[in-house]
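Student: I have a new model open. Please show me how to read its main features.

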Amino acid sequence: MSPDTNSAILRLQGVSKQYRDGPTALHSVDLDIRRGEIFALLGPNGAGKTTLISIVCGIVTASAGTILVDGHDAQADYKAARRRIGLVPQELATDAFETVLATVSFSRRLFGRAADPAYVERLLRDLSLWEKRSAKIKDLSGGMKRRVLIAKALAHEPELLFLDEPSAGVDVALRRDMWTLVRSLRDRGVTIILTTHYIEEAEEMADRVGVIARGRLLLVEDKAALMRKLGKRELDLTLVEPLGQVPVELAEWSPTLEHDGHVLRYVFNATDEHTGIPGFLRRVGDLGLHFKDLETAKSSLEDIFVDLVERER
Ligand SMILES: Nc1ncnc2c1ncn2[C@@H]1O[C@H](COP(=O)(O)OP(=O)(O)OP(=O)(O)O)[C@@H](O)[C@H]1O
């Protein structure tokens, strides 16, 4: 069966998880992942990200709902579903005494793929692991172990790659290498889902972003549209004379004072028809407040995320 390029590569419908004696980690999650995209699942600690991945990978059983991986039911047709998936977990659990080459080659065979030394060599070279291929995993640095995890996940040429918190505890160089690798994988047609609580990572990498908190998928949006839709802007006035407090005459705009009273900040929604800026500036002028600089800045995905999660509390 040739893959239908229009269909979702992963489809979750009504997926819930109630841990025994534990919380409801997922509340009826519906989610379609498009073929070839980089999707960032963003959420604070305990939001349910790992549970979601674990269910799709068959490590945890869902309490309700269906999961289709490239059309294959992840429960009824587990093997077909699982061989399409690569999972880069947060930590390396086994294989300490194996060599890099042996463990990566073994991962490939585990999913029924014929040996392909040339593919494995390219993979290890791409991950700067080729020189270390004969080293035992226990003798590698933390960053190298991370690379081995990625190589293992890619060994059987999956179409869908999960990266669970790829940046947690890695240095800047490895993070950058990982981002480059993820982009090149996407260019080769691999669909990527990464979980993160580093907003910077979602902002940098993702085509679409899903925000999850307390087991509920709060939104799924194209990253650019999300920024546009929810994007707030800040208007900063750098004052000639610093203020001790916000004048009551400005209360209706709820500005704040930043940088020890040197900056008066007004946050507005750029998509509103009336931003409130002309009135604000007029009132500032009427009050005789002089400013030497005026600047506007977009708020980041981080502000949007905090806003959303806060609203849920
Ligand atoms: N095996 C388990 N048994 C009981 N409760 C669990 C189990 N695994 C996770 N939980 C709970 O389910 C909720 C979701 O956890 P999960 O690990 O999926 O969140 P997360 O978003 O991945 O968090 P983090 O960012 O900290 O990894 C949490 O309240 C957690 O305590």
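**Reading the sheet, the ligand shell and a loop**

Tutor: Begin with a strand pair. Strand E1 (residues 8-18) and strand E4 (residues 64-69) pair antiparallel, over five bridges. Helices (H or I, at least four residues) and strands (E, at least two) are DSSP runs, numbered from the N terminus. Two strands pair if DSSP finds at least two bridges between them. This is a predicted model: local features need pLDDT of at least 70, side-chain atom pairs count only at pLDDT 80 or more, and totals for chains, interfaces and linings use all residues. Residues are numbered from 1 along each chain as its sequence is written.

Student: Which residue in E4 is the bridge partner of Arg 11?

Tutor: Leu 68.

Student: In what order do the strands of the open sheet run?

Tutor: Strands of a sheet pair through backbone hydrogen bonds, either parallel or antiparallel. Here four strands run E2-E1-E4-E5, with antiparallel pairing. Strand E2 (24-34) and strand E5 (72-73) are the edges, each pairing on one side only.

Student: Which helix gives the most to the shell around the ligand?

Tutor: Helix H1 (residues 49-56), with three residues. Of the 13 residues around the ligand, Tyr 19, Gly 22, Lys 49, Thr 50 and Thr 51 come nearest.

Student: Is Pro 166 buried or exposed?

Tutor: A residue is buried if 20 or more other C-beta atoms lie within 10 Å of its own, exposed if 12 or fewer, and partly exposed in between; C-beta atoms are placed from the backbone. Pro 166 is buried because 25 other C-beta atoms lie within 10 Å. Pro 166 sits in the loop between strand E7 (160-164) and helix H6 (172-187).

Methods: Near = placed C-beta within 6 Å.
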